[in-house]
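Dear colleague,

I am passing on the structure below, together with some notes on what turned up when going through it. Please read the notes with the coordinates open beside them.

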Amino acid sequence: MPLVPANQPQLMRSSQKDEFYQNNLTNNANELFHTLAGSRRWLQWRKEIELLSDLTYYVLTTLSGYQTLGEEYVSIIQVDPSKRRIPSRMRRTALIFFHTFVPYLLDKVLICIENELEAEAPQTSRTWGPVSHVRLWIQRAVGMLTESQRKALVPLVFALQQGITLLNRLHVAVFYITGAFYHIGKRAAGVSYLRVGNVSGDDPRISNSYRLLGALSLLQLGITLTLQFNNLRQTQRARHQWKQHRNLLPSHQASQSSSRSSRCILCLEERRNTSSTPCGHLFCWECITEWCNTKTECPLCREKFQPHRLVYLRNYK
């Protein structure tokens with residue numbers, strides 16, 4: 001049977017189909033965990049639930065030597081760099097690692113570093129959670145830095161977070177032009193695709209359209225980089241001002257007297273970035289926005305509302 005490289009539309013349709021089934025699996029896992037463990041545990045472990053769902057999907061398909069549902073939908077198969085053999089088990093394992101574990105680890109580590117650098121005092125949490133050992137190691141490392149070094153690293157971490165997003169956009173733009181490796185993980189593992197069945201020649205107009213789309217994406221990326229470079233100082237200044245507003249009550253006595261009334265019922269900790277629902281209940285901004293991703297209702301009174309109606313209380317004490 002003749003085999004030819006898969007084109008851009010097939011790779012994109014395959015990826016969209018896989019994302020559809022992965023989202024269904026993740027949503028079902030979130031609902032089950034939320035029902036059994038409650039809101040606080042779900043907010044703490046939501047990233048790990050998503051990771052476990054993705055791992056389950058790829059272990060049952062790619063690692064087991066089968067096509068994913070998206071690959072089967074468009075009739076494409078994975079091949080190694082020789083274009084003549086299917087990837088070995090080691091290469092498929094590397095693909096799953098780069099595609100699922102690496103983004104998760106980068107996200108977790110960068111968030112932990114950012115939180116530790118911006119904390120006024122060392123945060124000592126006795127509760128065990130995901131990547132708790134990594135968090136302890138980061139706390140020790142940050143504790144050895146001086147105040148000036150910590151301030152200098154904050155914009156660097158922010159730039160690294162933005163750089164990862166821009167790298168993904170750059171990779172997609174290159175894919176539009178070249179037609180290979182829609183995901184960075186597959187490029188790192190050296191896994192490409194061949195199509196089976198319909199091997200008729202591609203319409204040159206389709207390839208030219210994707211090349212034009214890639215060129216426009218590169219242009220948009222360049223404009224974005226320019227704007228972000230120009231706004232970097234303003235962003236850091238705004239973050240510094242927000243940090244001052246957030247810590248208007250640093251005294252230990254004030255925090256003790258209002259400990260009960262200033263707790264978020266979702267994370268059961270001191271409220272940070274206090275926000276209000278239309279019904280008047282107060283939560284952490286991060287907690288209530290994560291809650292609204294699955295349920296558009298108040299966690300306390302169950303009143304329905306749209307997420308855009310949340311009010312961020314900037315100067316609330």
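Which residue stands opposite Val4 in β3? In β3, Val4 has Arg195 opposite. Before going further, please note that this is a predicted model, in which local features need pLDDT of at least 70 and side-chain atom pairs count only at pLDDT 80 or more, whereas totals for chains, interfaces and linings use all residues. Residues are numbered from 1 along each chain as its sequence is written, and side-chain values use heavy atoms, with hydrogens and water left out.

On confidence, the mean pLDDT of the chain is 83, and 84% of its residues reach 70 or more, where pLDDT is the predictor's confidence in each residue, from 0 to 100. Over residues 249-258 the pLDDT is below 50, and this stretch has one contact in the model beyond near neighbours in sequence, a contact meaning heavy atoms within 4.5 Å.

Now to the sheets. Helices (H or I, at least four residues) and strands (E, at least two) are DSSP runs, numbered from the N terminus, and two strands pair if DSSP finds at least two bridges between them. Three strands form an open sheet in the order β1-β3-β2, with antiparallel pairing; β1 and β2 stand at the edges, each with a single partner strand, so one side of each is left without a neighbour in the sheet. Strand β1 (residues 4-5) is joined to β3 by two bridges, while strand β2 (residues 76-79) pairs with β3 over four bridges.

Three bridges join β4 to β5, and Ser275 stands opposite Phe283 in β5.

Phe283 also belongs to the packing. A nonpolar core is a set of buried Ala, Val, Leu, Ile, Met, Phe, Trp, Tyr and Cys residues joined through side-chain atoms within 4.5 Å. The largest nonpolar core has 15 residues, and those with the most contacts inside it are Cys264, Leu266, Phe283, Cys287 and Ile288. The elements that give two or more residues to this core are α2 (39-63), β5 (282-284) and α10 (285-292), and α10 gives the most, with four residues. Cys287 touches Leu43, Cys264, Leu266 and Cys267, not counting residues up to four places away in sequence. If a disulfide is taken as a pair of cysteine sulfur atoms within 2.5 Å, the count comes to zero disulfides. Cys284 is in no disulfide, and the nearest cysteine sulfur, that of Cys267, is 3.9 Å away; Cys301 is likewise in no disulfide, with the nearest cysteine sulfur, that of Cys279, 3.4 Å away. Cys284 counts as buried because its relative accessible area is 4%, whereas Cys301 counts as partly exposed because its relative accessibility is 37%.

Finally, there are two backbone angles to check. Asn273 has a positive phi of about 55° although it is not a glycine, and its place is in the loop between α9 (252-257) and β4 (274-276). With 13% relative accessibility, Asn273 counts as buried, and its side chain is joined to that of Glu286 by a polar contact of 2.6 Å. A polar contact is a pair of N or O atoms within 3.5 Å; within protein, one must be able to donate a hydrogen and the other to accept it, and residues adjacent in sequence count only if both atoms are side-chain atoms. Arg302, also a residue other than glycine, has a positive phi near 65°. Arg302 lies in the loop between α10 and β6, and counts as partly exposed at 43% relative accessibility.

With best regards

Technical notes. Buried < 20%, exposed > 50% of the residue type's maximum accessible area, 1.4 Å probe, protein only.
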